[in-house]
Amino acid sequence: VDKLSKSLGNASTQSKGLDDSFVRLGNASRSLGVAMASIGVGALAASFARAGVDASRTERRLANLADQFGETDKLMSFAGDAARRYGIGQTQAANAVGDLYARLRPAGSSLKEIQTAFVGVNNAAAKMNLTADQTDNVMLQLSQALGSGKLQGDEFRSVMEQLPSVGQAVAKVMGVADAELKQLSSDGKITTEVLMQALAELAK
């Protein structure tokens, strides 16, 4: 009997020790959860802060670009409308609008023409179900071509591969077959004027 009582006592002691271990483990898990939650909140706050900085920087850039033409409010309003219309972020839309404006406005294109070009590209991209990144890439290639005065070389190939409807619109404006565009591009015949007309077709 004494041996049995002693065994039971040892078992009880071991059980209490095991319970204490589970309590400590539970406390550690809760502490870890709190720490992880704190890290998550901190990361989220940092993300919002970065987004705020990026947005503020983008607004200043648009203001600097448009101020000399007295079009700051109109340009910012258009960027906001574009974000809502195409379901993209405000900063992303503002950057894309700003890039196009920076290349074309000083070269003599009007704000209305720039808006039409932007809408044309995004309308065509939406019909092709391009992602936001793909659309940004096409816009970059086209804005560079528009700024340089011609669509040719790598820019031509990239645009034709990702957004062939631009090529179709160019062919329509020039009154040629799609198959002739590569040579016309090499000859420097796909000019800013031609591209602007083509993008206006796509904006309809």
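Q: Hey, leaving aside neighbours within four places in sequence, which residues is Asp178 in contact with?
A: In this predicted model, Asp178 is in contact with Gly167, Gln168 and Ala171, once neighbours within four places in sequence are set aside.

Q: And where is Asp178 placed?
A: Asp178 lies in the loop between α7 and α8, the latter being residues 181–186.

Q: OK, zooming out. How many helices and strands are in the chain?
A: Nine helices and zero strands. Reading along the sequence, you get α-α-α-α-α-α-α-α-α.

Q: How much of the chain do buried residues make up?
A: Buried residues account for 34% of the 204 residues. As for the surface, the chain exposes about 12,000 Å², with carbon and sulfur atoms supplying 55% of that.

Q: What about contacts between residues at least 6 apart in sequence: what share join residues at least 24 apart?
A: That share is 63%.

Q: Let's talk core. Which residues in the largest nonpolar core touch the most other members?
A: Phe118, Val166, Ile190 and Leu195 do, in a core of 46 residues. Helix α4 gives the most to this core, with eight residues. In general, nonpolar side chains tend to be buried together in soluble globular proteins.

Q: What does Phe118 touch, not counting residues up to four places away in sequence?
A: Phe118 touches Phe78, Ala82, Tyr86, Ala96, Val97, Leu100 and Met139. Phe78, Ala82 and Tyr86 are also among the buried residues of α2.

Q: Which other residues are buried in α2?
A: The buried set in α2 also includes Thr72, Leu75, Ala79, Gly80 and Ala83. Residues three or four places apart on an α-helix point the same way, because there are 3.6 residues a turn.

Q: How does the span of α2 compare with what it should be?
A: It agrees: α2 has 15 residues, 72–86, which at 1.5 Å a residue should span 21 Å, and its end C-alpha atoms are 21 Å apart. Just after α2, Gly87 takes a positive phi of about 65°.

Q: Which residue has a positive phi although it is not a glycine?
A: Asn129 has a positive phi of about 60° and is not a glycine. Asn129 is found in the loop between α4 and α5, and it counts as exposed at 66% relative accessibility, since the exposed class starts over 50%.

Q: Where is Met128 found?
A: Met128 is also in the loop between α4 and α5. Met128 is partly exposed, with a relative accessible area of 40%. Apart from neighbours within four places in sequence, Met128 is in contact with Gln162, Leu163 and Pro164. The C-alpha atoms of Met128 and Leu163 are separated by 7.5 Å, though the residues are 35 apart along the chain.

Q: On to packing. How do α3 and α5 cross?
A: Their axes come within 8 Å and cross at roughly 10°. That makes α3 roughly parallel to α5, as the angle is under the 35 degrees cut-off. Among the residues making the contact are Gln92, Ala96, Leu100 and Arg103 of α3, with Asp136, Met139 and Leu140 on the α5 side.

Q: And at what angle do α5 and α9 cross?
A: Roughly 140°, with the axes coming within 8 Å. The two helices are therefore oblique to each other. Leu142, Ala145 and Leu146 of α5 meet Thr192, Leu195, Met196 and Leu199 of α9.

Q: Which residues of α9 are buried, then?
A: In α9, residues 192–202, the buried ones are Thr192, Val194, Leu195, Met196, Ala198, Leu199 and Leu202.

Q: What covers the buried residues of α9?
A: The cover includes α3 (90–104), α4 (111–127), α5 (132–148) and α7 (164–174).

Q: Last one: is Gln141 buried or exposed?
A: Gln141 is buried, with a relative accessible area of 14%, under the 20% cut-off. Gln141 is found in helix α5, and leaving aside neighbours within four places in sequence, Gln141 is in contact with Glu155, Ser158 and Val159.

Note on methods. Residues are numbered from 1 along each chain as its sequence is written. This is a predicted model: local features need pLDDT of at least 70, side-chain atom pairs count only at pLDDT 80 or more; totals for chains, interfaces and linings use all residues. Side-chain values use heavy atoms; hydrogens and water are left out. Buried means under 20% relative accessible area, exposed over 50%, partly exposed in between (1.4 Å probe, protein chains only). Helices (H or I, at least four residues) and strands (E, at least two) are DSSP runs, numbered from the N terminus. Contact means heavy atoms within 4.5 Å. Accessible areas come from the Shrake-Rupley method with a 1.4 Å probe; for residues, only the protein chains shown count as cover. A nonpolar core is a set of buried Ala, Val, Leu, Ile, Met, Phe, Trp, Tyr and Cys residues joined through side-chain atoms within 4.5 Å. The expected span of a helix is 1.5 Å times one less than its number of residues. Axes are lines fitted to C-alpha atoms, for helices over the stretch in contact, and angles run from 0 to 180 degrees between N-to-C directions. Angles under 35 degrees count as roughly parallel, over 145 as roughly antiparallel, 65 to 115 as roughly perpendicular and the rest as oblique.
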